Amino acid sequence: RASIRPADGNEVVGAYISAIENKNGPTVISLSRKEQLPHFENSKPLNVLKGGYVIHDESKFDTILVASGSEVDLSVQAAVKLKELGICVCRVVSLPCLSFFDKQCPEYRRGVIRVGVPVISLEASSTLGWDKYSHYHIGIDTFGSCGQTEEASEKIWIHSSSSCLSDRKLFERY
């Protein structure tokens, strides 16, 4: 079984390859409603089969942001902004399929998500499942907010993300 949330067109191709080759069960491909997602330079269809990989890197980083789907773009934008503000330097990891990533050898997983570095997941819905790979989660774990995508994101997710990511105390904990 596989549940895949691609971040760009290359990852969509990889998701379809995975679905076609999967002979052991269903594959769910969850696509974003956003119409203008960028294509990332480090994105390649076969990276999806690894489950996770570095999509935005810095030679020296002190924080790792992990995300899937359209939140990868927001994570890259956040990484750029956090560096500009002097808060932290981030590596961004696209994790389109946690079950594929779980199957990778420990050396590969540790090369992507380094031990001893704080990891923050960004998710526009429930943070369920992210605790396996991240120390802190930004997402929506409540009910009752509704509206257009932009309005709901602005109200709940974007505000909590910016206030959390700009809180230097969060980064000093690790």
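Is Glu 71 buried or exposed? Glu 71 is buried, at a relative accessible area of 3%; buried stands for under 20% relative accessible area, exposed for over 50%, and partly exposed for the range in between (1.4 Å probe, protein chains only).

The structure is a predicted model, in which local features need pLDDT of at least 70, side-chain atom pairs count only at pLDDT 80 or more, and totals for chains, interfaces and linings use all residues. Residues are numbered from 1 along each chain as its sequence is written, and side-chain values use heavy atoms, with hydrogens and water left out.

**Salt bridges**

Side chains of opposite charge can pair when their charged atoms come close. A salt bridge is taken here as a side-chain nitrogen of Lys or Arg within 4 Å of a carboxyl oxygen of Asp or Glu. By this rule the model has six salt bridges, including those in the table.

| Pair | Closest N to O distance |
|---|---|
| Arg 5 and Glu 71 | 2.9 Å |
| Asp 102 and Lys 132 | 3.3 Å |

Helices (H or I, at least four residues) and strands (E, at least two) are DSSP runs, numbered from the N terminus. Arg 5 forms a salt bridge with Glu 71. This pair links distant parts of the chain, 66 residues apart: Arg 5 is in the loop between β1 (2-4) and α1 (9-21), and Glu 71 is in helix α2 (residues 71-84). Arg 5 is partly exposed at 22% relative accessibility.

Glu 123 is buried, at 6% relative accessibility.

Asp 102 pairs with Lys 132. Asp 102 is partly exposed, with a relative accessible area of 30%, and Lys 132 is exposed at 54%. Through shared partners, salt bridges join Arg 5, Glu 71 and Glu 123 into one network.

**Helix α2**

Helix α2 has 14 residues and spans 20 Å from its first C-alpha to its last, close to the expected 20 Å; the expected span is 1.5 Å times one less than the number of residues. Its buried residues are Glu 71, Val 72, Asp 73, Ser 75, Val 76, Ala 78, Ala 79 and Leu 82. For Ala 78 the relative accessibility is 14%. Ala 78 and Leu 65 lie 13 residues apart in sequence, with 8.8 Å between their C-alpha atoms. Gly 86 follows α2 and has a positive phi, near 75 degrees.

**Cysteines**

A disulfide is a covalent bond between the sulfur atoms of two cysteines. The cut-off used is a pair of cysteine sulfur atoms within 2.5 Å, and a search of the whole structure finds zero disulfides. For Cys 88 the closest cysteine sulfur is that of Cys 90, at 3.5 Å, which is too far for a bond. Cys 88 is buried, with a relative accessible area of 3%. Cys 97 is buried as well, at 1% relative accessibility.
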